[in-house]
Amino acid sequence: MRKAFFFAAVAAIILAGCSKETERTPELTGDGTEIVATAVAPGAFSATKVAYNDGYSAVEEIADITSSWESGDSFTALEINGSTITTVKFSTTGSGASAQFVSEGAVAASDNTKWVAVSGNATVEDGVIVCKYSEQDGSLENLGNLDYSVANATGKAPVFDFAKGTRLTYVMRVLLPAGIKYIEYNTGTTNSGGWNVDNLGKSKGTTSSAIKDAVSVMTLPSASIAGQIAYIAVPAINCMSSSSNRLAGIVITIMSSDKKLSQGKVTSPDLTGKGGCIGTYDMSELTLIPRPLPSEAIKLGSVTCEGKTFKLGSWAPFVVGGNFQTSDEAIKGSLFSWGEIEPKEMFSRDSYRWNVNGTYTTQLGYKYIGAAEFVDPYIEYCVAGGPSVPTHGPGTYYDIGGTKYDAARVKWGCEWRMASNEIAGNLMKDSDAVIRFGGNLDKNGDLLKITAYEKGIYTNSLGYKSNLYGVSVFEANGAKLELYYSPWTNGDSVGTLQTNGDQGRFWTATTNYGQAFNANTLVTGSNNYWNRAVHTRFNTNNSHYMSDNSYIWNGLPIRAVLDE
């Protein structure tokens with residue numbers, strides 16, 4: 001049954017029998033004075049497209065969401081008398097677009113009393129109203145708890161006009177395919193994804209950086225049927241990537257009941273509510289792909305050499321778009337341009353998603369400055385080449401691991417990410433042919449053993465022998481990582497597909513690690529690698545190393561790691 005949206009809020013929903021874990025009762029600090037206020041409900045939603053589907057009219061987009069008060073609705077306010085701030089709860093027995101509300105926890109007010117109110121299931125922490133986006137279940141009824149609007153008022157009998165206030169929530173109607181039980185969505189970087197509203201009524205909310213946003217997981221009551229709608233409340237923000245003007249939206253990853261199938265998309269970037277605060281996002285026609293469970297990761301652990309510990313990572317058992325290595329098609333998986341989240345079959349500079357009139361200097365991901373050796377604010381690097389061979393000059397670098405530009409993170413969820421330069425580099429050697437641990441790695445099995453097999457002569461742990469692709473096997477701490485030589489595109493402007501099966505490659509999450517990005521037009525000189533990213537190379541002659549000469553528009557597989 002369709003019901004009045006949002007403002008069938010806390011009290012009414014609890015009386016209807018919904019889980020009480022969604023109720024966050026503010027701590028009231030007043031002396032019991034009763035204040036009678038008038039509140040105007042926020043204006044009705046209007047339609048705003050946020051995704052690629054245009055099959056829904058404006059009427060269809062908002063037909064099931066209206067805006068009016070119902071008996072039992074409540075909201076939280078700050079009563080400000082000089083330097084004294086009191087937390088107040090207002091509730092109503094009325095209904096309609098405007099209704100009277102009675103206070104609980106107020107103190108005596110004057111004509112000079114100032115009020116800041118937030119509708120929705122907000123709390124107050126240290127005199128600041130906190131709005132969060134967790135505890136969602138996908139239902140229209142529960143959505144009201146998570147749609148926040150701010151209104152200011154003054155006086156003994158305040159009038160809160162939420163229709164003219166600031167709406168902090170963008171509502172997404174997600175149309176699901178059959179069999180979905182979990183929906184993962186990122187909600188920002190503050191307060192586990194939310195807003196703070198201070199005693200001036202100013203909101204300081206989620207900053208949309210490309211650095212690991214806060215993530216929530218919605219569990220549906222039962223697995224979805226095809227076309228079922230799940231309602232999600234997310235911060236109404238402009239999703240810009242950190243330190244750049246690259247656009248990126250909210251990541252939504254859907255998963256099956258056993259989490260072994262998934263799919264993901266990124267919304268349009270502008271969720272600031274221009275023209276409305278709701279959009280329909282159609283994922284109902286998406287084909288789910290195999291997703292490994294974290295428990296299935298191949299955990300190589302770490303090794304210690306020359307007094308320093310090197311992390312070898314916990315690797316996915318197959319590439320993104322592939323499956324367990326039981327067929328050549330499963331081994332092949334999908335090919336991605338660096339920073340793109342959708343697989344392709346044809347690759348060229350002109351078709352690259354982030355090519356803007358031939359320039360690429362506005363980089364993806366989060367930015368950091370490299371000194372004589374790699375220094376990253378989020379990961380401690382000792383990169384390929386070994387502790388005695390720092391190969392990384394000063395410059396600006398970018399990393400997309402775990403962000404909206406990482407296909408593994410988007411398609412499989414936040415537990416997985418593209419391998420960092422550190423993790424991949426600890427398995428390899430650098431382009432100057434300096435072995436990581438010194439000498440021949442095959443003779444250092446106590447640290448890391450690498451064995452290369454030509455196509456057709458290696459039988460993997462699942463009993464499959466590929467007649468198309470060779471394989472390199474990395475062994476450490478009793479674990480065995482099998483990297484097959486699946487296809488990739490050559491480092492040219494048109495992306496020639498390589499399928500000979502005697503060399504393998506996959507992307508890392510890091511841009512070129514030897515040069516600074518110092519050009520804004522296409523430069524082919526070897527010292528201007530602003531349009532390149534780091535990838536691995538491993539092949540049958542047992543030559544395993546990192547390379548920074550792959551154009552970002554080329555197509556390579558992605559072998560992900562756990563985001564540990």
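Which residues of the largest nonpolar core touch the most other members?

Guide: The model is predicted, and what follows should be read with that in mind. In the largest nonpolar core, which has 27 residues, the members that touch the most others are Trp 338, Trp 412, Trp 416, Met 418, Trp 507 and Ile 558. Two or more residues of this core come from each of helix H5 (407–412), strand S25 (416–418), strand S31 (503–511) and strand S34 (560–562). Helix H5 gives the most, with 3 residues. Another core, of 25 residues, lies apart from it; Leu 312, Met 428, Leu 483 and Phe 506 are among its members.

Phe 506 also takes part in an aromatic pair. Its ring centre is 5.6 Å from that of Trp 315 and the two planes stand at 65 degrees, so the pair is edge-to-face; the cut-off for that class is over 60 degrees. Trp 315 belongs to strand S22 (residues 308–315) and Phe 506 to strand S31, so that the pair links parts of the chain 191 residues apart. Trp 315 and Phe 506 are both buried.

A ring contact of another kind involves Arg 505, which lies over the face of Trp 488 at 3.6 Å from the ring centre.

The structure holds 20 aromatic pairs. One of them joins Trp 69 and Phe 101, with ring centres 4.9 Å apart and planes at 70 degrees, so this pair is edge-to-face. Trp 69 sits in the loop between helix H2 (58–62) and strand S2 (74–81), while Phe 101 is in strand S4 (residues 98–104), so the contact ties together parts that are 32 residues apart in sequence. Trp 69 and Phe 101 are both buried. Both rings also belong to one aromatic cluster, together with Phe 75, Phe 90, Trp 115, Phe 160 and Phe 162.

Note on methods. Residues numbered from 1 in each chain as written. Predicted model: local features only at pLDDT ≥ 70, side-chain atom pairs only at ≥ 80, totals over all residues. Heavy atoms only, no water. Core = buried A, V, L, I, M, F, W, Y, C linked by side-chain atoms within 4.5 Å. Buried < 20%, exposed > 50% of the residue type's maximum accessible area, 1.4 Å probe, protein only. Helix = DSSP H or I, 4+ residues; strand = E, 2+ residues; numbered from the N terminus. Phe/Tyr/Trp six-rings, centres within 6.5 Å; stacked < 30°, edge-to-face > 60°. Lys NZ or Arg CZ within 6 Å of the ring centre and 35° of its normal.
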